[in-house]
Amino acid sequence: MLEHVYWIPLIPLFTSVVILFGGKEGKDSKMPYLGIAAMAWCFLQSSVIFFQTLTGRIPLLEGKEYFLYERIPWLSWGPNLKVHLGVLIDGPAATLLFVVTLVSLLVQIYSLGYMYDDKRKKRYYAFLSFFTAAMLGLVVSSSLLILFAAWELVGVSSYLLIGFWFEKPGPAYAAKKAFITTKLGDCGFYFGLLLLFSYTGTFDLVMLKSHVAQGLLPLEAATAIGIGFLIGAIGKSAQMPLFIWLPDAMEGPTPVSALIHAATMVVAGIYLVARVYFIYTSAPLALGAVAWVGLFTAFLAATMAVTAYDIKKVLAYSTISQLGYMMLGLGVYGYTSALFHLTTHAFFKALLFLGAGSVIHSVHTNDMREMGGLIKRMPATATTMGIATLTIAGMPLLSGWWSKEAVLHAAYSHNWGMWLLGVLTAGLTSFYMCRLFFLTFIGEPRDPHKHQHAHESPATMTGPLWVLAMLSLFAGGLLHYNGLFEHLVHFEVVGHGEHAGGSHAPAFLLPGAAIFVFLLGLGFAYRLYAGSLKTAQGLRDRFEWAADTLERRYYFDDFFLWLVSLSDKLAAACFWIDSRVVDAIFVDGWALVVRAVAAASDFFDDYFVDGAVDGMGTLTQDAGWGLRKLVRGQVQEYLLYVSLAVAVFATFLISR
Amino acid sequence: MELLSTITFLPLLGGLVILCVPKEKVGLIRGLAIFTTAATFAASLFLLGGFDPNLVGESIPKLQYVEQLNWIPSLGVHYFMGVDGLSVPIILLTTLLSFLAAIYSIGIETRVKEFFFWYLLLEVGMIGVFCAMDLFLFYLFWELTLVPMYFLIGVWGGPKKEFAAIKFFLFTLFGSVFMLLGILALYFASTPHTFNMLELMQANGSWSRSFQIVVFIAFYLGLAVKIPAFPFHTWLPLAHVEAPTPVSVILAGVLLKMGVYGLIRISYSILPAGYEWFLPYLIIIAFINIVYGALCAMAQTDMKKMVAYSSVNHMGYCLLGLAAVSTTGFNGAIFQMITHGIITGALFLLVGVLYDRAHTRDITAFGGLGAKLPVYSGIMALTCFASLGLPGLAGFVGEFMCFLGAFAYWKFWTTLSVAGILITAAFFLRMMQKVFLGPFNEKWKDLPEINLRELIAVGPLAVLTVLFGVWPQLILGLTDPTVKMISNMYEHMFQLVR
Amino acid sequence: MSLSHYLVVSAALFLIGLFGALTRRNTIGILMSIELIFNAANLNLVAFNRYLHFDALHGNVITLFVMGIAAAEAVVGLALLMAIYRNLNTIYAEDFNLLKG
Amino acid sequence: MLNLHLLYPEIGLAVFALVLLTADLFFKGGKGKFLYFLGVFSACLTLGILGLAYSSPETYQGLGTMWTVDPLALFFKVLILATVILVLLLSVEYKPEAAHGHLGSFSALVLLSAVGMMLLVSAVDLLLIFLALELVSISSFILVGYERKDLRSSEGAMKYFIIGAFSSALMVYGISLFYGSMGTTRLTEIYPLFAQRSSAMFILGCLLILVGFGFKISMAPFHLWVADAYEGAPTPVTAFLSVAPKIAGMAVLLRVFTHFVPLASLDLSHVLCFLAMLTMTVGNCTAIFQTNVKRLLAYSSIAQAGYMLIGFVTGGILGREGVLLYSLVYLFMNLGIFAVVIHLGNEDGYELDAFDGLAKRDLALALLSTFFLLSLAGIPPLAGFIAKFRLFQSAIQGGWYWLAVVGVLNSVISVYYYMSIAHHMFFREPRRAEPARRGWIVTGTVALATAAIFLFGLYPEPALSTVRLSAEILPARAAGAARAAAPSTGPALLP
Amino acid sequence: MEQIVFYSLSAVTLIAALGVVTMRNVLHSALMLGVALMGVAGLFAALGADFLFAGQIVIYVTGVAVLVLFVVMLAGRESDLHARQTNEKWPLAVAICAVIFFGFWRCIAPYAGTPTRTQPEPSTRAIGKLLLSDYALPFELISLILIAAMIGAILFSRGGSAAEDAP
């Protein structure tokens with residue numbers, strides 16, 4: 001089962017090609033089912049691999065930390081420079097395989113219902129399977145170059161999917177913005193790759209690991225590479241400076257947001273950092289940067305989520321915040337905790353998005369102010385969303401609790417200041433999630449008309465919701481039970497034990513604080529949003545400026561818009577220079593030379609010879625000759641030139 | 001049977017036959033032209049078949065399909081034709097693009113006979129440049145391409161065609177005339193006076209450094225105009241915009257490559273000291289080409305002009321590869337040349353398709369064509385993404401290798417050039433968004449979809465883009481052994497650079 | 001008298017002819033000045049023959065030929081002048097301005 | 001020793017000229033065309049006689065009292081006769097409908113000037129050179145003014161005459177000074193005296209003689225008559241003037257100033273280098289602003305003379321071969337384009353728009369004339385390039401880098417105005433739809449010229465070897481002397 | 001005695017030449033040309049070139065000067081007589097003449113004071129012998145030139161008969 005793992009990314013790739021070119025467009029095309037069948041097969045394969053590796057039935061290769069490592073030469077130039085196309089399956093890879101295929105399968109099933117009335121369904125499924133293929137390629141690939149290739153392909157497919165309804169201007173602009181911002185991040189990744197290659201001469205992860213182990217990579221190079229990869233991760237996983245594209249990416253269909261902007265693509269950055277963790281451990285400065293970036297992103301994103309009214313935008317901010325948590329986890333040597341949080345987050349965030357999708361599907365609006373009291377109309381969606389909200393808010397014993405707790409624990413062991421901010425963010429998380437839940441489902445319906453029409457989504461949509469709900473409930477516990485996940489995904493840092501360092505907190509402090517903060521958030525949310533919104537509105541008016549900055553995403557958007565306008569002005573200036581200056585020098589310059597020579601001969605003629613002739617008019621001639629034009633055909637002028645030349649050369653030669 | 005001579009002079013034969021056909025028989029003329037270009041392409045495939053990439057000399061390039069006969073003994077000129085790993089892929093690119101552009105130029109209605117005569121004459125010049133191994137012969141073919149291009153742009157071009165034609169002619173001639181002086185200087189510097197490139201490659205040990213620098217500058221003037229390197233590139237946008245579509249495909253696809261080929265074959269191999277002196281300036285020019293070209297492209301509203309500036313940008317990558325005197329750099333430069341030929345060729349064809357229908361190339365005039373022309377916008381999207389260097393498509397590998405090679409020595413400039421990639425992505429996406437996405441512009445509701453003729457012309461290029469993207473070893477297998485030999489021909493010379 | 005006297009006279013004659021050719025506005029004046037230059041050359045030749053190369057009379061023979069040539073030139077010149085006079089009825093050099101640029 | 005037998009071709013041609021003159025009395029009006037063919041026949045006959053000289057060099061090559069018949073002279077005589085033949089043929093084509101008087105005297109004058117040139121090319125005595133030059137000048141004064149009725153023709157002739165007379169007067173004065181300082185006008189005898197006699201008078205004498213030659217080959221300061229004379233003259237005469245006298249002048253320059261009086265000894269080479277550059281640049285730059293075809297071709301011929309001067313300035317074997325090759329190729333290029341000019345001129349006049357839309361009316365003619373223009377500009381596959389290549393080769397070998405650079409830049413400028421003609425042919429719409437009816441003469445000349453420029457362009461080996469054979473000048477002086485004066489001015493760049 | 005002859009003759013020649021160049025009336029300048037040529041003939045005599053003296057008189061004084069007179073009569077118009085005869089570029093012409101005179105002076109200086117070594121004796125026989133031995137070809141050539149000049153003269157001075165016009 002494990003040997004043919006390379007089929008897992010290839011099958012969806014072929015299916016996407018088949019779907020794109022085969023079959024006919026339109027509502028009732030059979031292609032979606034083909035897509036789902038292929039994804040089901042992949043899910044089956046990867047879940048088997050995941051469970052076998054989890055339970056240890058497939059042991060690690062002796063002396064290695066991976067289960068499978070095969071490669072074939074793809075590209076070779078120069079004496080010994082070879083790039084291989086290979087597969088590397090280790091703990092994180094297996095986990096991610098399972099997560100990606102699961103969520104992708106559920107989303108595809110869910111989309112059957114969601115996209116039911118869309119006439120370009122065929123193209124949608126083609127892009128979805130292409131995306132999954134690229135994501136799986138990214139997960140399994142053993143060479144960083146192929147990982148980068150898959151990374152960009154994932155970016156392109158997100159561009160295609162965000163801009164799926166390209167007739168409307170919104171999605172088109174959002175798609176471009178997403179691609180450009182991630183491309184900006186990719187430049188950092190590109191720089192990291194170049195630097196890496198110039199020092200080690202190879203892209204292969206296993207070889208790199210041995211290189212770093214032997215200390216061949218100098219410290220400042222490792223730091224620079226780390227920072228480079230971090231910038232790539234910031235771009236792709238929407239961390240602090242480059243997160244602006246994720247909220248706008250909500251323009252795409254909701255299942256797309258669920259798959260790409262919750263569970264899979266956005267975690268690519270985290271996965272990359274995890275994949276090259278050995279570089280980061282050898283460059284503490286880079287690791288510190290990861291931690292702080294993660295922390296700030298988590299906190300700021302959480303604050304932004306508090307004031308947002310668009311249901312999908314709130315979820316987007318929460319995704320950014322949770323990603324921040326994962327980054328934090330990685331930054332504080334909490335390798336396992338980060339990946340654990342990644343897995344659990346995938347489940348409940350996908351659930352939240354799909355739930356929101358079914359709400360939007362029935363209420364046809366994103367704005368929570370027009371919802372309210374939908375629990376009566378949509379019980380299934382409400383309950384599943386409720387479970388997810390509790391999980392993410394940090395209700396103990398649910399999967400969210402386990403993973404977030406692990407991250408906070410690692411943060412505490414590293415630096416208590418981080419832990420404090422982390423707990424505060426957790427509180428904020430529970431506040432805005434509960435706010436969301438209460439606004440949509442509890443309280444009296446604010447828009448009676450929409451309320452009447454609200455109806456529960458069909459089975460194809462609620463089915464996946466229930467599956468995800470079950471996973472959110474039990475997955476955390478199961479994986480945490482007797483360190484199953486711990487065994488699968490761990491990274492022993494030679495100088496820095498998992499629990500070593502940092503003061504040991506009293507046993508009850510960490511979980512207690514988390515529970516307290518969870519309840520606090522719940523209470524506040526209930527107080528403000530369960531009943532009438534008067535008090536919330538009052539608060540908002542008093543802190544007008546704060547609400548406004550949060551609305552404007554701390555003016556990051558404006559900063560990047562200014563940056564774009566700056567580049568446009570620069571481009572216009574360049575083109576002006578090109579057409580005026582450079583062109584003038586070479587074209588008119590040439591004509592200038594020729595005209596100069598002609599002018600010189602004219603000047604010589606006019607000034608020197610014709611001085612007197614200009615007074616032609618004054619010459620008293622009888623009327624017969626009339627006014628004579630300045631005459632150039634003067635034969636005597638020619639004689640003058642000849643004799644002048646003779647005189648000049650004679651003196652020159654004789655006087656020598 | 002001299003294969004190289006047949007490939008080079010087959011189009012000439014076709015051209016002469018076309019001259020004899022009366023003007024009215026347009027169908028026959030078109031048929032003849034396409035048949036000739038097809039035959040040339042087949043012959044070049046045959047050449048590829050028989051070519052053994054690993055047959056490589058030690059100190060100087062080892063040629064295959066060599067044809068050498070004493071052409072003008074009193075001038076010391078030999079008809080010396082030969083190919084090696086460097087020239088085979090480019091010849092294939094030339095014959096392929098000529099064949100596809102010939103198919104596309106069925107759309108030309110006015111003065112068809114003259115068009116195809118000049119067109120085939122142009123092809124002779126182009127192929128000749130890449131096979132000639134004698135400097136005199138090289139110069140002869142180099143200039144042979146000027147006249148047909150002048151007439152092709154001048155007669156069938158756009159509104160400002162005459163000015164563009166004469167500007168192109170004078171610009172290139174100005175450069176190549178200094179190349180002539182360089183060739184003469186080399187002729188007199190070699191002890192048994194010779195134009196033979198291979199002998200000159202061995203003779204350069206005895207030349208003084210200042211001599212090599214002066215001759216290098218003379219050659220560089222000629223080559224820079226063709227590449228086009230920064231200060232001499234202003235003719236390119238004008239010539240591209242005014243040239244008819246098939247001609248601008250050939251112009252972008254092949255003529256720009258003659259400059260880079262010349263840099264490797266002549267400037268580097270024969271004048272290493274000159275090349276080594278020029279390296280720091282070359283990297284700066286490469287950087288300017290990339291970033292400046294991309295920025296100018298960003299500011300364009302005319303689609304064709306934008307693609308023209310993007311060629312300036314892409315050739316900047318080639319220069320980057322050349323600035324890194326290493327196997328990676330050279331391989332990257334050649335790979336980028338080939339793929340740029342394919343991608344920009346396809347891009348120009350597609351822009352031509354739109355222009356033939358809408359008679360305007362203004363990006364802002366269109367909107368939401370994606371819905372109306374699904375197949376067309378699909379191919380256009382594929383080519384645009386390939387052009388901005390999306391991995392998995394042909395554009396990425398060449399670009400990446402150039403960066404890899406250049407990064408080893410010029411860390412600062414290469415890092416700055418990485419910004420070029422971002423700007424390239426920006427202006428291509430801006431164009432895609434304005435033309436294909438967004439609300440549908442009712443003005444174009446009767447635009448017909450891409451027809452079979454155009455599809456046949458663009459199809460193979462799109463397939464090749466994907467093929468070379470997924471499996472680049474196809475080209476690298478051909479060029480790598482030769483490049484390995486070329487790049488460490490002057491190992492000792494460029495040691496200090498490393 | 002010494003050779004230099006004659007050379008001075010011929011040089012003076014040459015210069016006067018030159019001056020005349022450059023400044024006379026009447027074409028005939030120009031022709032006459034050119035005749036003067038021819039004569040200056042003849043004078044030179046005879047003087048050199050007499051003073052320096054007296055062994056053979058090459059100088060005189062050459063002068064003879066030069067006279068012949070001068071006569072031929074004058075004939076053609078005047079004939080041309082008559083042709084122009086009939087068409088343009090002016091013989092002033094400034095008026096020949098039909099062809100210029 | 002008189003051995004006049006060396007000059008049988010010239011004597012024969014002179015006799016034919018006189019026969020033609022008398023024949024003019026009997027043939028009036030239309031039947032005059034026959035006289036042209038008689039002229040052509042006589043030129044061919046003389047070529048035949050010349051063939052003897054080539055076939056048996058020892059009997060028909062040697063030294064007379066004042067003249068020498070050597071490979072150089074023979075080569076140029078052949079070229080001159082070829083020009084005469086082509087020009088006479090073209091003049092049949094010229095203005096077919098106008099009634100022709102005095103055809104006999106027209107062709108007689110052409111033959112007389114041919115005799116003058118043949119003597120000029122083989123003369124080694126300054127007096128003979130002067131007389132030959134005079135014969136050529138006088139006959140061409142008359143030829144330029146031949147169309148009495150056309151005001152421009154007589155005015156052009158008048159201007160040409162005044163400057164011609166003036167410069168021949170200067171030349172005579174130069175010869176007198178030369179005679180004064182050297183004691184003899186025979187160039188063969190001056191070599192022993194040369195070393196110790198280079199006084200100021202000798203230098204001034206040579207300079208004034210140079211003025212005479214400069215006028216003939218339209219060198220820079222003496223070129224001003226060219227445009228007016230070429231525009232005024234009937235087109236066949238312009239064609240004749242633009243080729244034959246120029247080639248003859250170059251030949252005599254080569255003989256006098258590179259063989260007998262080496263340039264470097266008088267350090268004239270720098271002056272002439274400047275003059276060559278001036279000629280090229282002035283010729284090219286003024287040609288750009290021309291709108292009349294004949295004036296444009298006049299300035300183009302000045303520029304071509306400038307290129308030939310490069311070979312003359314650099315001296316040496318390569319330079320001489322370059323000049324010879326260039327004159328051979330120039331002859332065909334120029335007569336080819338003049339054939340087209342005459343053909344079009346008959347109906348459409350001589351402004352540049354006479355060429356409008358020629359590609360549409362007569363594609364073959366348009367293509368061939370484009371090849372002539374490209375060859376004149378020096379674009380590779382054609383003969384013009386090989387000739388220029390040879391000249392630039394000699395310049396670079398001689399160390400004259402700046403001369404080569406200026407020459408090269410000038411060929412770029414020249415492309416502009418040559419291409420402006422092609423521009424009219426290919427990019428403009430024709431005024432009249434139907435193609436001009438082409439006589440066999442024009443087609444013949446154009447075909448011959450195209451064959452020549454393609455043959456010499458693509459396979460120049462035979463031309464180069466004949467040129468090398470005929471670059472040898474008799475009486476061969478001690479080889480060493482000529483070399484001593486080879487210029488070593490170029491910076492020691494060459495390793 | 002010899003000085004007197006030389007100085008008087010050269011004075012006559014130079015003054016007459018100046019007259020040719022500066023006389024307002026073309027007719028007068030033509031006459032002056034005749035006088036100048038006569039002066040030159042005299043100088044030839046002073047130099048002992050007797051044949052040339054006669055030749056000068058025959059060819060130049062009678063032939064060319066008279067011819068010029070005829071043309072002046074034919075082509076001259078009443079208005080020419082009192083028109084200013086020199087164009088405005090004469091200051092430049094004077095400058096050029098001065099420069100060239102300086103050049104000549106540099107050439108003539110070394111020959112100052114060279115005495116005559118032989119006595120003049122009749123030269124006609126020698127010239128005749130030379131003409132037919134060494135200078136045979138130029139002798140023939142000059143005839144051709146004169147024929148050409150003749151053709152020109154006839155052609156151009158032919159009457160206005162437009163019928164048989166030139167090609």
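Me: How many residues does α1(E) have, and how far does it reach from its first C-alpha to its last?

Reply: In this predicted model, α1(E) has 21 residues and reaches 30 Å from its first C-alpha to its last, which is close to the 30 Å expected at 1.5 Å a residue.

Me: And which residues of α1(E) are buried?

Reply: The buried residues of α1(E) are Leu9(E), Ser10(E), Thr13(E), Ala16(E), Ala17(E), Val20(E) and Val21(E). Seen down the axis of α1(E), these buried residues fall within an arc of 140 degrees, so they line one face of the helix.

Me: Why would residues three or four places apart point the same way?

Reply: That follows from the helix itself, because an α-helix has 3.6 residues a turn.

Me: What covers the buried residues of α1(E)?

Reply: The cover includes α2 of chain E, and from chain C it includes α1 (3–23) and α2 (27–51).

Me: Then how many residues of chain E are in contact with chain C?

Reply: On the chain E side there are 72 residues in contact with 59 residues of chain C. At least two residues of that side come from each of α1 (2–22), α2 (26–46), α3 (50–75), α5 (90–108), α6 (124–133) and α7 (136–157) of chain E. The largest share, 13 residues, is supplied by α3(E).

Me: How do the residues on that side of chain E divide?

Reply: The side of chain E that touches chain C divides into 50 nonpolar, 18 polar and 4 charged residues.

Me: Last topic: how many residues of chain A are in contact with chain B?

Reply: There, 39 residues of chain A are in contact with 44 residues of chain B. The elements of chain A that give two or more residues to this side are β1 (66–77), α5 (144–162), α6 (169–200) and α25 (556–609). By class, the side of chain A that touches chain B has 28 nonpolar, 4 polar and 7 charged residues.

Notes: Residues are numbered from 1 along each chain as its sequence is written. Chains are lettered from A and ligands numbered from 1 in the order in which they are written. This is a predicted model: local features need pLDDT of at least 70, side-chain atom pairs count only at pLDDT 80 or more; totals for chains, interfaces and linings use all residues. Two residues are in contact if their C-beta atoms, placed from the backbone, lie within 7 Å. Helices (H or I, at least four residues) and strands (E, at least two) are DSSP runs, numbered from the N terminus. Ala, Val, Leu, Ile, Met, Phe, Trp, Tyr, Cys and Pro count as nonpolar, Asp, Glu, Lys and Arg as charged, and the others, Gly among them, as polar. The expected span of a helix is 1.5 Å times one less than its number of residues. A residue is buried if 20 or more other C-beta atoms lie within 10 Å of its own, exposed if 12 or fewer, and partly exposed in between; C-beta atoms are placed from the backbone. The arc is that of the directions from the helix axis to the C-beta atoms.
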